[in-house]
Amino acid sequence: MKQANDGLGHNVGERLIADFAGVLREAFRDGDILGRIGGDEFCALALDRDDVAPLATRLDAALATVNARAGVAFPLSASPGWAVAGAGKLDDLDHLLGIADARMYEAKRSRRPA
């Protein structure tokens, strides 16, 4: 995001944010809750207890579709982190976001070249 804002201007960065929001709408279901936490961080609350794998597959497919468009200056990518609430438990949202945030940073580190 920083590269897009610095190189092409904040209007391009805002377009990337909107494009990524569209990717999330494509990957998640109508009943799921999506929100932007800030900057280039988003949160999704999947209400169905599906395994994470189908969600990740849909996210990858939606990203590939957007990135295949002609004229993409900066391809979109994601570093997803997730947390699963226990069945029948009321987990603290801040606790779940902390788990997901730690997994997101693990994903970012694993994508970086050594």
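How many helices and strands does the protein have? There are four helices and two strands, and from the N terminus on they follow the order α-α-β-β-α-α. Helices here are DSSP runs of H or I with at least four residues, strands are runs of E with at least two, and both are numbered from the N terminus. The model is a predicted one, in which local features need pLDDT of at least 70 and side-chain atom pairs count only at pLDDT 80 or more, while totals for chains, interfaces and linings use all residues. Residues are numbered from 1 along each chain as its sequence is written, and side-chain values use heavy atoms, with hydrogens and water left out.

The C-alpha trace spans about 45 × 30 × 25 Å along its principal axes. The accessible surface is about 7900 Å², and carbon and sulfur atoms account for 55% of this surface; areas come from the Shrake-Rupley method with a 1.4 Å probe, and for residues only the protein chains shown count as cover. Of the 114 residues, 21% are buried, where buried means under 20% relative accessible area, exposed means over 50%, and partly exposed lies in between (1.4 Å probe, protein chains only). Contacts, defined by heavy atoms within 4.5 Å, can also be sorted by sequence separation: among those between residues at least 6 apart, 42% join residues at least 24 apart.

Strand β1 (residues 33-38) pairs with strand β2 (residues 41-45) in the antiparallel sense over five bridges, pairing being assigned if DSSP finds at least two bridges between two strands. G38 stands opposite E41 in β2. Two residues lie between the strands of this hairpin, and G39 takes a positive phi near 55°.

Helix α2 (10-27) comes next. Its 18 residues reach 26 Å from the first C-alpha to the last, close to the 26 Å expected at 1.5 Å a residue; the expected span is 1.5 Å times one less than the number of residues. The buried residues of α2 are G13, L16, I17, D19, F20, A21, V23, L24 and A27. These buried residues pack against α1 (2-8), β1, β2 and α3. One of them, D19, counts as buried because its relative accessibility is 11%. Leaving aside neighbours within four places in sequence, D19 is in contact with R69 and L76.

L55, L59, A62, L63 and V66 are buried in α3. Seen down the helix axis, these buried residues fall within an arc of 100°, so they line one face of α3; the arc is that of the directions from the helix axis to the C-beta atoms. The buried residues of α3 pack against α2, whereas the face turned away from the buried side carries the exposed residues T57, D60 and T65.

What are the residues with the most contacts inside the largest nonpolar core? They are F20, V23, L59, L63 and L76, in a core of 13 residues. Helices α2 and α3 each supply at least two residues of this core. A nonpolar core is a set of buried Ala, Val, Leu, Ile, Met, Phe, Trp, Tyr and Cys residues joined through side-chain atoms within 4.5 Å. V23 touches L59, A62, L63, V66 and L76, not counting residues up to four places away in sequence.

L96, A100, M104 and A107 are buried in α4. These residues are on the same side of α4 because they cover an arc of only 75° around the axis. The buried residues of α4 pack against β2, and on the other side of the helix D94 and R109 are exposed.

Not counting residues up to four places away in sequence, A83 touches L96, I99, A100 and R103. A83 and G71 are twelve residues apart in sequence and 35 Å apart in space, C-alpha to C-alpha.
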